[in-house]
Protein chains: 2
Amino acid sequence: MAAIEQSVQTIRRGCDELIVEEELVKKLASGRKLRVKLGLDPTAPDLHLGHTVVINKLRDFQSLGHQVQFLIGDFTGMIGDPTGKNQTRPPLSREEILANAKTYREQAFRILDPEKTQILFNSEWSDKLGAEGMIKLAASYTVARLLERDDFSKRMKNNQPIAVHELLYPLMQGYDSVAMKADVELGGTDQRFNLLVGRELQKHYGQEPQCVLTMPLLEGTDGKEKMSKSLGNYIGITEPPKEMYGKLMRISDTLMWRYIDLLSFAPAATISLWKKEVASGRNPREIKVTFAREIVARFHSAAAAKRAEEEFDATFRDRELPQDMPEKTVSETAILKVLKQAGLAPSTSEAARLIEQGGVRINGEKVSDKNLALRRGETVVIQVGKRKFARVRLG
Amino acid sequence: MAAIEQSVQTIRRGCDELIVEEELVKKLASGRKLRVKLGLDPTAPDLHLGHTVVINKLRDFQSLGHQVQFLIGDFTGMIGDPTGKNQTRPPLSREEILANAKTYREQAFRILDPEKTQILFNSEWSDKLGAEGMIKLAASYTVARLLERDDFSKRMKNNQPIAVHELLYPLMQGYDSVAMKADVELGGTDQRFNLLVGRELQKHYGQEPQCVLTMPLLEGTDGKEKMSKSLGNYIGITEPPKEMYGKLMRISDTLMWRYIDLLSFAPAATISLWKKEVASGRNPREIKVTFAREIVARFHSAAAAKRAEEEFDATFRDRELPQDMPEKTVSETAILKVLKQAGLAPSTSEAARLIEQGGVRINGEKVSDKNLALRRGETVVIQVGKRKFARVRLG
């Protein structure tokens, strides 16, 4: 039983919720290879670090000997937006979906073991349901229970329309778990309701219900919104090493810990130690470098990570960054005021003139926008002209 | 246009609601043979007079040259109750449904012209919808609009469960109208919501919407509940002439007018005249006889109606009903109290003794139940022993 306790601990690490731990223990104790499901949207094939929070957890299951099943939701993807109102969600062809699935696989295999990963398409069983199967599936759930889902209940309350087919989608997702006989299903915390529908439907169809494991949603590089391609606050896992490294080095010192907690494979004890050291005065930049190296190495290679680090550092070295530059903390975020407050320009109008002349750089990059707003929590190196430097912390 | 006005008047007669009259006028003015739809439940093949209210209206359309389309809802009938909770609604086999449809046709053809009647089965297009078509259909309507249906909104309010497939049924019924390109759909007032869904879906699928014609629901012989086989208050159209005639003669004088309004083919002017005459003292029994004759002749023959009348009258004649018997109005309905109040027994205990001895008859039939309750509004002939008679009205 000690081994099982260890497994449960590995599985729980970083997760938001595990439903139900006793059931998972029972499944693990059976000695079976568990089927661990992750549903994927077939419309957006580019994975970013946000997606990898869940994929990393799948990797944990694989390291414990279990089988990962990627489910591509091609059935609804091929239908597109049946209301015809959403122009950005046209139906995808079989070929597009297969191409997207291939991309997914290639990307996910940077983390996962291909030997222990299956790719499934739900059109295989959803098509077969037919009109009759759909009615029987719909009969297994009440309207009221589905309307309890957060977004549905909000829309009902605000008199915003919910089309009837939207109620069918969670049922179809749940039916996927039935067809796959899933033992565990993973998802972001925003998927909790749908994952539980799968559990209920499995019971309804006489199966042992799947365990549900929800993972926190990773914030984007802005530290505010959930990481997403459409918000532009993402780090894609196929981005070149240098860009990936640079984006990671530029996240705030606070956000860094969140990223480390959710993305690093470093032992929990090591992470605790880092936190203690930084609290006692160690420069957080050193931890950030270690972490950025780990992530770039994961998606490219250790060598690529080393090169990215050197290039990143060189940008500063080439600009002859002084070893000891003044450190300033400012309360403003608008660049003109920041320059003035940090003592790098005598006035905001002079600051504007300096930018116009191309004489201001932040972390080595020339500033061209006089209205630029910096992000609170960030620490940046600002250079004015050839000689004036300051490490500025935005308080 | 005078002909069209006349047609509209014929169609409107006896109806509860016509949606939308201007549209019907336009359809009639086109000179096309209109497709007039009636949806039928494939589970209960025996028609009673309640069903014929709508079928008579179809006959009006046929007499105006239009085409009647009976739609047998075999698709959902073959699914049965998908929740498995309702033991009384098992799935029907294709053979059972075909047999039921045949029975329907035979019965309906006692009223309708077979030449102008088509029988359609919705499995033809519902099966073809598939899971995908079902989702697209479900996308055409919002949850909120379906929950406006009377029974749904009541159940939501009372926290009674509504299974998701129940929302799909009105959509599938509506889709029948799309597949059939129906011009007009008929139904009882309780079908209003579903018929309007058909209208909306036709618009959604780019068709000219059907007109909706709702007919009032006929009360059963008890004058209270809607006529239905399960309540036992029905007159089946295949009942033998004598029973049909007897049941019609025993309805109350008030209910008689409702039946005449909804079932008689007598001209409106004639019915008005009858009402005036009865108001001025004519015995309503005479009108009832005329009406009962009409109905029995419709489902059997004029000769059968005549025989039924003679047999019915003979029952009373043979029992030597006195020409002038006392007329009494009583406020009680329990047979023992009625006998006492009508002066046919000196006390309720004596009344009980008379019933035990088999000495009490109501409309010629021996009474054996001392707890019998008579129906308010009815007028019956009660006989006690050989000689005592009274025509008793239950006030």
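## Relation of the two chains

In this predicted model, chain A is superposed on chain B by a rotation of 180° with 0.3 Å of shift along its axis, at an RMSD of 0.3 Å. That is the relation of a two-fold axis. The superposition is by least squares on the C-alpha atoms of residues with pLDDT of at least 70 in both copies. Of the interface residues of chain A, 100% are also interface residues in chain B, so the copies meet through the same surface.

The model is predicted: local features need pLDDT of at least 70 and side-chain atom pairs count only at pLDDT 80 or more, whereas totals for chains, interfaces and linings use all residues. Residues are numbered from 1 along each chain as its sequence is written, chains are lettered from A and ligands numbered from 1 in the order in which they are written, and side-chain values use heavy atoms, with hydrogens and water left out.

## Architecture of chain A

Chain A contains 17 helices and eleven strands; helices (H or I, at least four residues) and strands (E, at least two) are DSSP runs numbered from the N terminus. The C-alpha trace of chain A spans about 75 × 55 × 40 Å along its principal axes. Of the 395 residues in chain A, 50% are buried, where buried means under 20% relative accessible area, exposed over 50% and partly exposed in between (1.4 Å probe, protein chains only). Among contacts (heavy atoms within 4.5 Å) in chain A between residues at least 6 apart in sequence, 68% join residues at least 24 apart.

Helix α12 of chain A, residues 253-263, has as its buried residues A:L255, A:M256, A:W257, A:Y259, A:I260, A:L262 and A:L263. These pack against α3 (49-63), α11 (241-249), α13 (268-279) and α14 (284-299) of chain A. In helix α6 (residues 123-138) of chain A lies A:D127, which is partly exposed with a relative accessible area of 42%. A:D127 and A:F75 are 52 residues apart along the chain, and their C-alpha atoms are separated by 7.4 Å.

## Nonpolar cores

A nonpolar core is a set of buried Ala, Val, Leu, Ile, Met, Phe, Trp, Tyr and Cys residues joined through side-chain atoms within 4.5 Å. The largest has 65 residues, and those with the most contacts inside it are B:L49, B:F70, B:L186, B:L248 and B:Y259. Apart from it lies another core, of 64 residues, among them A:I72, A:L218, A:M227 and A:A292.

Beyond four places in sequence, the residues touched by B:L186 include B:V36, B:L38, B:V54, B:L58, B:F61 and B:L195. B:L120, in strand β4 (residues 117-121) of chain B, counts as buried at 16% relative accessibility. With residues up to four places away not counted, B:L120 touches B:Q69, B:F70, B:L71, B:I72, B:W125 and B:M180.

## The second largest pocket

The second largest pocket has a volume of about 1400 Å³. On a 1 Å grid over the protein atoms alone, a pocket is an open set of points where a 1.4 Å probe fits, with protein on both sides within 12 Å along at least five of seven lines; lining residues have an atom within 4 Å of a point. Points are joined across faces, edges and corners, and the volume is the space filled by probe spheres set on them.

Of the 47 lining residues, B:G39, B:L40, B:D41, B:Y104 and B:Q191 are the closest to the centre of the pocket. The largest share of the lining, five residues, comes from α3(B). The lining divides into 22 nonpolar, 16 polar and nine charged residues, with Ala, Val, Leu, Ile, Met, Phe, Trp, Tyr, Cys and Pro counted as nonpolar, Asp, Glu, Lys and Arg as charged, and the others, Gly among them, as polar.
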